[in-house]
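Subject: Structure handover and notes

Hi,

Here is the structure I promised to pass on to you. Please open it alongside this email, as the notes below are meant to be read with it on screen.

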Amino acid sequence: MTGRRHGDSGQAFPIYITVVAGLLFLAFAYFAVGQAAATRNGAQTAADAAALAAAQDARDQLRDGWLEVILDPAEWLEYLEGGRFGTGPACQRADTFAARNDAEFWGDGCVRLNGLEDGFRVTVRTQGTVGESVIPGTEDQHATATATAVIEPLCTFDAPEPEPEPEPEPEPEPEPDPDPDPTEPPEPDDPPILGLSCDGVAWEIDPEHPRLPSVTDLFRVRLAD
């Protein structure tokens, strides 16, 4: 009986080793898959942040430039349509945000959109590798991701029709003023600029104290699907 028990133990030991080895292999496989997924998610997060940063920088440029010509509505069109901004500064900001998320530009890097919508497409690569030198064969494998952010103008401008000038009336003959007033009459104030509407809200630009709506009321920035 004793010899039979030892024989059973000897037969079970290889099975035990096989089961343990299989469990260790499954654990390692799950770790590898999880590590790869985490790296890919990190790449997408970095791409999203970089694309949004570029679009937000362009949005800020648009508002700053618009303020410079706020008293000249004839110059508003390029700002209303969201096209008057510099690509270089916007992409520099995107690069900064990519680095904050442990990524760098890859491929085309940061490019401005050419379609109906304005914005940026950003492609990044993670600085770390998929396996971080833990999973064999992944030491040189980086994750890449692309994101697109668009800038949507929220304002329209409909310049009011100019009022027709009244026909001049004949001037009466001047009469001598026995007591002339040396003071000159004050100049009339410039009329407000009307016709600007942002997201359904009408805005009136006071020439004496000109101001625009907030940048988030002028433009919407979002990730494209």
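Below are my notes on the fold, the disulfides, the charged side chains and a few backbone details.

A word on the basis first: this is a predicted model, in which local features need pLDDT of at least 70 and side-chain atom pairs count only at pLDDT 80 or more, while totals for chains, interfaces and linings use all residues. Residues are numbered from 1 along each chain as its sequence is written, and side-chain values use heavy atoms, with hydrogens and water left out.

**Overall layout**

The chain has 4 helices and 7 strands; these are DSSP runs numbered from the N terminus, with H or I over at least four residues for helices and E over at least two for strands. Along the sequence they come in the order α-α-α-β-β-β-β-β-β-α-β. Of the 225 residues, 30% count as buried. Here buried means under 20% relative accessible area, exposed means over 50%, and partly exposed lies in between, with a 1.4 Å probe and protein chains only.

**Disulfides**

How many disulfides does a search of the whole structure find? There are 2, a disulfide being a pair of cysteine sulfur atoms within 2.5 Å. Counting bonded cysteines along the chain, the pattern is 1-2, 3-4.

One of them joins C91 to C110, with 2.1 Å from S to S. This pair links distant parts of the chain, 19 residues apart: C91 sits in helix α3 (residues 87–100) and C110 in strand β1 (residues 103–112). The torsion about the S-S bond is -75°, making the link of C91 and C110 left-handed. Both C91 and C110 are buried.

C155 and C198 form a disulfide too, with their sulfur atoms 2.0 Å apart. Again distant parts of the chain are linked: C155 belongs to strand β4 (residues 155–157) and C198 to strand β5 (residues 193–198), 43 residues apart. The link of C155 and C198 is right-handed, with 110° about the S-S bond. C155 counts as buried because its relative accessibility is 8%, and C198 counts as buried because its value is 3%.

**Salt bridges**

The structure holds 8 salt bridges, where a salt bridge is a side-chain nitrogen of Lys or Arg within 4 Å of a carboxyl oxygen of Asp or Glu.

E104 pairs with R125, the closest N and O atoms being 3.1 Å apart. E104 lies in strand β1 and R125 in strand β2 (residues 118–129), so this pair ties together parts that are 21 residues apart in sequence. E104 is partly exposed at 28% relative accessibility, whereas R125 is buried at 19%.

Which residues are linked in a network of salt bridges? They are E117, E152, R220 and R222. R220 is in strand β7 (residues 219–223) and E152 in strand β3 (residues 142–153), so the contact ties together parts 68 residues apart in sequence. R222 also meets E152, with an N to O distance of 2.6 Å. R222 lies in strand β7 and E152 in strand β3, so here the parts tied together are 70 residues apart in sequence. E152 is buried at 18% relative accessibility, while R220 is partly exposed at 38% and R222 is partly exposed at 29%.

**Backbone and a contact between distant residues**

Most residues other than glycine have a negative phi. D102 has a positive phi of about 60° although it is not a glycine, and D102 is found in the loop between α3 and β1. D199 also has a positive phi, near 55°. D199 is in the loop between β5 and β6 and is exposed, with a relative accessible area of 53%.

Finally, L80 is found in helix α2 (residues 77–80) and counts as buried at 11% relative accessibility.

Best wishes
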